[in-house]
Amino acid sequence: MAKFAAPERQAASVMKQLQGDALRSVGTVRNYEQALTRVSEFLQNSRGGDLRSLTAEKAISYLELRGQEVGQKSLDMERQAIQCMMQNVTQKLAPTEKLPVVKSEQAQILT
């Protein structure tokens, strides 16, 4: 079994490549890094490999599973972070290609 870096370090490594070129906003970088850390933790717990080996199929199945637990905003943030990484770092998605929007199963409570 291969030994992978901690999820936080994997996400930080990806964001280091994106910061400045693809992403200029510090807030976006911070939010994407948190989202990619959660994705990396999931991959590590499910023995799905590391963050950079994530494929579009694995990403979609992750988002479908995650849609059962979190609201739409969190799900969209994670989808956008994965999509940005796959377009700019791993080149597993073309620059114009996008991951499909997965709907959350959690009901939004408006008060």
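The buried residues of helix α2 pack against α1 (7-18), α3 (56-66) and α4. Buried here means under 20% relative accessible area, exposed means over 50%, and partly exposed lies in between (1.4 Å probe, protein chains only). Packing rests on contact, defined as heavy atoms within 4.5 Å. Helices are DSSP runs of H or I with at least four residues, numbered from the N terminus. The model is predicted: local features need pLDDT of at least 70, side-chain atom pairs count only at pLDDT 80 or more, and totals for chains, interfaces and linings use all residues. Residues are numbered from 1 along each chain as its sequence is written, and side-chain values use heavy atoms, with hydrogens and water left out.

Helix α2 covers residues 26-45. Its 20 residues reach 29 Å from the first C-alpha to the last, close to the 28 Å expected at 1.5 Å a residue. The expected span is 1.5 Å times one less than the number of residues. The buried residues of α2 are Val29, Tyr32, Ala35, Leu36, Thr37, Val39, Ser40 and Leu43. At the start of α2, a side-chain oxygen of Ser25 comes within 3.3 Å of the backbone nitrogen of Gly27. Just after the helix, Arg47 adopts a positive phi of about 55°.

Helix α4 spans residues 72-88. The end C-alpha atoms of α4 are 24 Å apart, in agreement with the 24 Å that its 17 residues should span at 1.5 Å a residue. Buried positions in α4 include Leu75, Ala81, Ile82, Cys84 and Met85. The cover over the buried residues of α4 includes α1, α2 and α3. Gln83 is also buried, at 9% relative accessibility. Leaving out residues up to four places away in sequence, Gln83 touches Leu93, Lys98 and Leu99. Val101 lies in the segment after α4. Val101 and Arg79 are 22 residues apart in sequence, and their C-alpha atoms are 7.6 Å apart.

A nonpolar core is a set of buried Ala, Val, Leu, Ile, Met, Phe, Trp, Tyr and Cys residues joined through side-chain atoms within 4.5 Å. The largest such core has 27 residues, of which Leu36, Ile82 and Met85 touch the most other members. Helices α1, α2, α3 and α4 each give two or more residues to this core. Beyond four places in sequence, Leu36 touches Ala11, Val14, Met15, Leu51, Ala81, Ile82 and Met85.

Rings of Phe, Tyr and Trp (its six-membered ring) pair if their centres lie within 6.5 Å; planes under 30 degrees apart count as stacked, over 60 as edge-to-face and the rest as tilted. The ring centres of Phe42 and Tyr62 are 4.9 Å apart and the planes stand at 55°, so the pair is tilted. Phe42 belongs to α2 and Tyr62 to α3, 20 residues apart. Phe42 is partly exposed at 29%, whereas Tyr62 is buried at 4%.

Four salt bridges were found in the whole structure, each a side-chain nitrogen of Lys or Arg within 4 Å of a carboxyl oxygen of Asp or Glu. Arg38 meets Glu78 at 2.8 Å, N to O. Arg38 lies in α2 and Glu78 in α4, so this pair ties together parts 40 residues apart in sequence. Arg38 is partly exposed at 30%; Glu78 is buried at 0%. Glu69 pairs with Arg66 at 3.3 Å. Glu69 is exposed at 56%, while Arg66 is buried at 16%. Arg66 also bridges to Glu78, with the closest N and O atoms 3.1 Å apart. Through shared partners, Arg38, Arg66, Glu69 and Glu78 form one network.

Methods:
Polar contact = N/O pair within 3.5 Å; in protein donor to acceptor, adjacent residues only side chain to side chain.
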